[in-house]
Amino acid sequence: MKKMLIINGPNLNMLGQREPEVYGKDTLDDLKKFTESKVQNQVLLEWYQSNLEGEIVSRIQKAHSEDYMAVIINPGGYAHTSVAIHDAMKILKIPVIEVHLSQVYKREDFRHTLLTAKAATAIMSGFGKQTYYIAINSQLQ
Ligand code: DQA
């Protein structure tokens, strides 16, 4: 069975409670269930969430020696600041798709710099709960 790693950065564990007008009312668990129901048995999704930059770096490094067909990453606020996550993403030899639930270019100026995206194969932003599914599906074609 093919598998993908889905990495979620800081504050994404608070989905559902956090700015629902921006991120919707679904929790991270709802998002998992929705995405898994869409991909059904085509791919195994392994979900990881951390609020800590170094833990996210270590998880990406670990993925280097694991057997994923792709990594989907929502770095949360670290997307705008983290050279360390950017550098870890560059280590991977498989597609790394960066996702954002919100349309970051419609938001505050500080969200317009996507530092980590420079190391991503592709980015997907603004499709709300569909965003992860669209990114995953792009790798299944
Ligand atoms: C986000 C956008 C980021 O700017 C923000 O810091 C997040 C969530 C998104 O999914 O839209 O935590 O990555």
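**Residues and ligand site**

Modeller: Asp-29 is partly exposed, because its relative accessible area is 37%. Please keep in mind that this is a predicted model.

Biologist: Where is the place of Asp-29?

Modeller: Asp-29 belongs to helix α2, which covers residues 28-39.

Biologist: Where is Gln-40 found, then?

Modeller: Gln-40 is in the loop between α2 and β2, the latter being residues 44-49. Gln-40 has a relative accessible area of 58%, and exposed means over 50%, so Gln-40 is classed as exposed.

Biologist: What about phi of Gln-40?

Modeller: Gln-40 has a positive phi of about 50°, although Gln-40 is not a glycine. For context, most residues other than glycine have a negative phi.

Biologist: What is phi of Asn-11 near?

Modeller: Phi of Asn-11 is near 75°, again a positive value in a residue other than glycine. Asn-11 lies in the loop between β1 (3-8) and α1 (20-23). With 40% relative accessibility, Asn-11 counts as partly exposed.

Biologist: Let us change topic. Is Ser-82 buried or exposed?

Modeller: Ser-82 counts as buried, because its relative accessibility is 0% and the cut-off for buried is under 20%. Ser-82 is located in the loop between β3 and α4.

Biologist: Which side chain does the side chain of Ser-82 join in a polar contact?

Modeller: That of Glu-53, in a polar contact of 2.5 Å. The side chain of Ser-82 also reaches the backbone nitrogen of Ile-85, at 2.9 Å.

Biologist: And Thr-81, buried or exposed?

Modeller: Thr-81 counts as exposed, at 52% relative accessibility. Thr-81 lies in the loop between β3 (70-74) and α4 (83-91). The C-alpha atoms of Thr-81 and Phe-110 are separated by 9.5 Å, and these residues are 29 apart along the chain.

Biologist: Which helix is the place of Ala-84?

Modeller: Ala-84 is in helix α4. Ala-84 is partly exposed, with a relative accessible area of 35%. Between the C-alpha atoms of Ala-84 and Thr-116 the separation is 8.8 Å, while the two residues are 32 apart along the chain.

Biologist: Where does Lys-106 lie?

Modeller: Lys-106 lies in the loop between β4 (96-100) and β5 (122-125).

Biologist: Why does Lys-106 count as exposed?

Modeller: Lys-106 counts as exposed because its relative accessibility is 71%, where exposed means over 50%. The C-alpha atoms of Lys-106 and Asn-13 are separated by 23 Å, and these residues are 93 apart along the chain.

Biologist: Now to the ligand. Where does the ligand sit?

Modeller: The largest pocket holds the ligand.

Biologist: Which residues surround the ligand?

Modeller: The surrounding residues are Arg-18, Tyr-23, Asn-74, Gly-76, Gly-77, His-80, His-100, Leu-101, Ser-102, Val-104, Arg-107 and Arg-111.

Biologist: How many residues of each class does that shell have?

Modeller: The shell around the ligand has 6 polar, 3 nonpolar and 3 charged residues.

Biologist: Could you give me some distances to the ligand?

Modeller: An N or O atom in the side chain of His-80 is 2.7 Å from an oxygen atom of the ligand. A polar backbone atom of Leu-101 is 2.8 Å from an oxygen atom of the ligand. For Arg-111, a polar side-chain atom lies 2.8 Å from an oxygen atom of the ligand.

Biologist: And how much of the ligand's exposed area does the protein bury?

Modeller: The protein buries 98% of the 320 Å² that the ligand exposes when taken alone.

Conventions. Residues numbered from 1 in each chain as written. Predicted model: local features only at pLDDT ≥ 70, side-chain atom pairs only at ≥ 80, totals over all residues. Heavy atoms only, no water. Near = heavy atom within 4 Å. Polar contact = N/O pair within 3.5 Å; in protein donor to acceptor, adjacent residues only side chain to side chain. Areas by Shrake-Rupley, 256 points an atom, 1.4 Å probe, with all protein chains shown as cover. 1 Å grid on protein atoms, 1.4 Å probe; cavity = no way out; pocket = protein on both sides within 12 Å on 5 of 7 lines; lining within 4 Å. Sits in = over half its atoms within 2 Å of the grid points. Nonpolar A, V, L, I, M, F, W, Y, C, P; charged D, E, K, R; others polar. Helix = DSSP H or I, 4+ residues; strand = E, 2+ residues; numbered from the N terminus. Buried < 20%, exposed > 50% of the residue type's maximum accessible area, 1.4 Å probe, protein only.
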